[in-house]
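Me: Hello! I am new to this structure and would like to explore it with you, piece by piece. Please show it to me and then let me start asking.

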Amino acid sequence: MRVAMVTPWFPTRKNTSMGAFVVKDARAIADAGAEVVIFHLVAPSIDDGTRYTEVEGLKVVRIPMKPSNPVSVLRARTRMLPLLASADIVHTQAISALEPFIGASLRQPWVHTEHWSAITSPHTLSTPAQWALPYLLTMEKWPDMVIAVCEFLAQPLREVRGTKPVEIIPCQVPAPASLVKRRMNRTDLRLISTGALIPRKDPLVAIETLAELAARGVECSLTWLGDGPLRDECVALAEKLKVNANFPGNVDSSRVQNEIGRADMFFGPTRADNFFVAAAEAIVNGRPLVVGATGGQGEYINPVIGELVERQDPARYADAIIALDERTRTMSAHEIAATVGDQFETRTIAGSYIDLYERLIADRSE
């Protein structure tokens with residue numbers, strides 16, 4: 001089976017972390033037996049000049065495209081569409097990958113995977129972008145099948161697509177080779193968070209929650225892995241409130257896993273997420289979690305091992321952390337990880353996509 005995966009989000013030498021989730025999906029599908037070629041609609045800001053290359057063993061064809069420039073989109077379309085002719089499946093990833101397909105008629109089944117957080121949180125967009133959103137969403141009607149990573153995202157997509165199908169295949173969050181045992185006899189509480197230091201992730205509320213916990217006599221610390229425009233403000237607030245908050249910046253995946261293993265609990269006071277990969281990563285590593293309630297994370301967080309907080313209030317987050325710590329203090333890492341089973345494993349996600357491809361190809365041939 002030949003799969004043409006079209007995406008604007010993919011690593012280049014100028015941005016090595018761009019589209020990591022697309023790489024994971026493509027690599028898993030290839031490992032499951034499909035022949036996958038990536039058509040990277042590369043934006044000028046991350047274009048490193050390569051046009052034919054390999055990334056993690058995947059063949060990549062880079063096609064320049066600036067999504068906001070209609071002429072650039074048309075040029076990308078003219079170059080790309082003939083290259084898709086030999087594929088059995090066309091699989092687009094992320095909404096701007098749809099632009100070159102305006103008015104296109106594909107002979108192959110067309111699958112689209114959507115991740116864009118603005119669909120469920122339009123308030124995070126600029127005012128002009130909010131005005132443009134309804135038009136952009138009409139593009140979601142074109143593919144034969146749209147995949148959402150959670151029901152939270154699937155709902156607005158179904159409203160746009162009407163009777164055309166939307167299915168759910170979650171993000172990959174593989175379990176580690178072994179779980180780090182939890183600290184059972186301790187007098188302090190180590191919190192871990194991962195993600196960009198941006199308003200939507202609300203690291204400032206996380207710091208204020210540390211101060212609230214300290215005021216209640218809880219000895220605690222927070223390590224936040226990630227960087228962003230709020231970094232200086234976070235450091236300043238932590239110093240002002242005299243709380244133990246550390247911001248090591250962006251780190252590699254092995255450091256993330258090591259830090260989760262050192263921690264007692266994941267704390268992610270997000271204002272809005274779709275799947276919230278970091279939360280799922282905490283569970284598969286055997287750690288309980290307190291997170292914001294808006295998003296798809298409530299679909300997989302068992303209430304025994306997680307708390308969802310409805311309002312961005314440090315007192316409420318502190319209440320949830322204390323209650324969860326008391327409830328899960330004696331639970332093992334294996335017991336916590338077992339609450340999600342293997343639903344986020346690479347082989348599970350790849351199998352779901354291969355099954356979907358085969359079903360669509362069979363339907364098209366009837």
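Me: How many bridges join β3 to strand β4?
Reply: This is a predicted model, in which local features need pLDDT of at least 70 and side-chain atom pairs count only at pLDDT 80 or more, while totals for chains, interfaces and linings use all residues. Residues are numbered from 1 along each chain as its sequence is written, and side-chain values use heavy atoms, with hydrogens and water left out. Strands (E, at least two residues) and helices (H or I, at least four) are DSSP runs numbered from the N terminus, and two strands pair if DSSP finds at least two bridges between them. β3 and β4 (residues 58-64) run antiparallel, and in β4 the bridge partner of Glu-54 is Lys-59; the number of bridges joining the two strands is four.

Me: Which strands stand at the edges of the eight-strand sheet, and why is one side of each left without a neighbour?
Reply: The strand order in this open sheet is β3-β4-β2-β1-β5-β6-β7-β8, with mixed pairing. Each edge strand has a single partner strand, so one of its sides has no neighbour in the sheet. The two strands at the edges are β3 (52-55) and β8.

Me: What angle does helix α2 make with the direction of β4?
Reply: The twist of that sheet averages 25 degrees from one strand to the next. Helix α2 (residues 70-83) packs on it, touching β1, β2 (35-42), β3 and β4, where contact means heavy atoms within 4.5 Å. Axes are lines fitted to C-alpha atoms, for helices over the stretch in contact, and angles run from 0 to 180 degrees between N-to-C directions. On that scale, the direction of α2 makes with that of β4 an angle of about 145 degrees.

Me: How far does helix α11 reach from its first C-alpha to its last?
Reply: Helix α11 (residues 346-365) has 20 residues.

Me: Why do the buried residues of α11 line one face, and within what arc do they fall?
Reply: Buried means under 20% relative accessible area, exposed over 50% and partly exposed in between, with a 1.4 Å probe and protein chains only. Among the buried residues of α11 are Ile-349, Tyr-353 and Leu-360, whereas Arg-347 and Ser-365 are exposed on the other side. The arc is that of the directions from the helix axis to the C-beta atoms. Seen down the axis, the buried residues line one face of the helix because they fall within an arc of 160 degrees.

Me: Which strands stand at the edges of the six-strand sheet?
Reply: This second open sheet has parallel pairing and the order β11-β10-β9-β12-β13-β14. Each of its edge strands has a single partner, so one side is left without a neighbour. They are β11 and β14 (306-309).

Me: How many of the residues of strand β10 are buried?
Reply: Cys-220, Leu-222 and Trp-224 point one way from β10, while Ser-221, Thr-223 and Leu-225 point the other way, and all are buried. β10 (residues 220-225) is thus mostly covered, and its count of buried residues is six of six.

Me: At roughly what angle do the axes of α5 and α6 cross?
Reply: The two axes come within 10 Å. Angles under 35 degrees count as roughly parallel, over 145 as roughly antiparallel, 65 to 115 as roughly perpendicular and the rest as oblique. α5 is therefore roughly parallel to α6, with a crossing angle of roughly 10 degrees.

Me: Which elements are among those that cover the buried residues of α6?
Reply: In α6 (residues 231-241), Cys-234, Leu-237 and Ala-238 are buried; they fall within an arc of 100 degrees, so they line one face. The face turned away carries the exposed Asp-232, Glu-239 and Lys-240. What covers the buried residues includes α5 (203-215) and β11.

Me: Is Ala-245 buried or exposed?
Reply: Ala-245 is found in strand β11 (residues 245-249). Not counting residues up to four places away in sequence, Ala-245 touches Leu-210, Leu-222 and Ala-238. Because its relative accessibility is 16%, Ala-245 counts as buried.

Methods
Expected span 1.5 Å × (residues − 1).
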